[in-house]
Amino acid sequence: MKKTISIIMVTLITGCITFFRKPPNSLFLAIERNNGQKVTQILANTEPFNLNAESNSWGRGTPLQFAVRKNRPQIVEILLKHGADPAIGFRYEHLLNYAAKRGFMRTAELLVRSILRLATTLRH
């Protein structure tokens with residue numbers, strides 16, 4: 001019984017740390033450089049972190065917000081596949097609206113598809 005409780009405690013603590021851990025700065029640098037391969041590598045090989053947490057050190061929001069603002073459709077697609085939340089807005093504006101208003105059509109299309117997929121999943 002004591003061993004089971006210890007395992008549960010470790011799992012809870014580890015999960016909480018992952019939930020609060022911010023994305024690494026190297027991810028934002030890879031987005032800045034439009035390096036999809038490096039983004040994929042970081043997502044696969046670093047310790048787990050909350051992809052939807054904002055990074056205060058870069059002051060640029062979440063990785064998805066940063067990629068949308070930079071109009072990096074390839075990276076937006078990678079981040080969405082790894083669980084980035086397309087419903088998170090940026091400075092009181094939805095990311096989809098932000099992308100569409102600026103003519104980032106491929107980025108906007110990826111966001112629409114992801115939002116529709118999410119809505120379909122929630123309905124079932």
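Me: How far apart are the closest N and O atoms in the salt bridge of Glu 109 with Arg 113?

Reply: The model is a predicted one. Glu 109 and Arg 113 both belong to helix α7, where they are 4 residues apart, about one turn of the helix. Glu 109 is partly exposed at a relative accessible area of 32%, and Arg 113 is partly exposed at 47%. Between their closest N and O atoms the distance is 2.8 Å.

Me: Which residues are linked with Glu 109 in a network of salt bridges?

Reply: Glu 109 also forms a salt bridge with Arg 106, with the closest N and O atoms 3.5 Å apart. These two residues of helix α7 are 3 residues apart, again about one turn of the helix. Besides Glu 109, the network of salt bridges includes Arg 106, Arg 113, Glu 77 and Lys 81.

Me: What is the geometry of the aromatic pair formed by Phe 28 and Phe 66?

Reply: A search of the whole structure gives 1 aromatic pair. Its ring centres are 5.7 Å apart and its planes make an angle of 55 degrees. Planes under 30 degrees apart would count as stacked and those over 60 as edge-to-face, so the class of this pair is tilted.

Me: Which helices does the pair of Phe 28 and Phe 66 link? Are the two residues buried or exposed?

Reply: Phe 28 is in helix α2 (residues 25–32) and Phe 66 in helix α4 (residues 63–69), 38 residues apart. The relative accessibility of Phe 28 is 0%, and that of Phe 66 is 1%. Since buried means under 20% relative accessible area, Phe 28 and Phe 66 both count as buried.

Me: Which element gives the largest share of the largest nonpolar core?

Reply: This core has 26 residues, and those with the most contacts inside it include Leu 27, Val 39, Leu 64 and Leu 79. Two or more residues come from each of α2, α3, α4, α5, α6 and α7. With 5 residues, the largest share belongs to α5.

Me: Which residues of α5 are buried, and with which residues is Leu 79 in contact beyond its neighbours within four places in sequence?

Reply: The buried residues of α5 are Ile 75, Val 76, Ile 78, Leu 79 and Leu 80. Once neighbours within four places in sequence are set aside, the contacts of Leu 79 are Ile 31, Val 39, Leu 43, Leu 51, Pro 63, Leu 64, Ala 67 and Ala 84.

Me: What percentage of contacts between residues at least 6 apart in sequence join residues at least 24 apart?

Reply: The protein has 7 helices and 2 strands, running α-α-α-α-α-β-β-α-α from the N terminus. Of its 124 residues, 34% count as buried. Among contacts between residues at least 6 apart in sequence, the share joining residues at least 24 apart is 63%.

Key
Residues are numbered from 1 along each chain as its sequence is written. This is a predicted model: local features need pLDDT of at least 70, side-chain atom pairs count only at pLDDT 80 or more; totals for chains, interfaces and linings use all residues. Side-chain values use heavy atoms; hydrogens and water are left out. Rings of Phe, Tyr and Trp (its six-membered ring) pair if their centres lie within 6.5 Å; planes under 30 degrees apart count as stacked, over 60 as edge-to-face and the rest as tilted. Buried means under 20% relative accessible area, exposed over 50%, partly exposed in between (1.4 Å probe, protein chains only). Contact means heavy atoms within 4.5 Å. A nonpolar core is a set of buried Ala, Val, Leu, Ile, Met, Phe, Trp, Tyr and Cys residues joined through side-chain atoms within 4.5 Å. A salt bridge is a side-chain nitrogen of Lys or Arg within 4 Å of a carboxyl oxygen of Asp or Glu.
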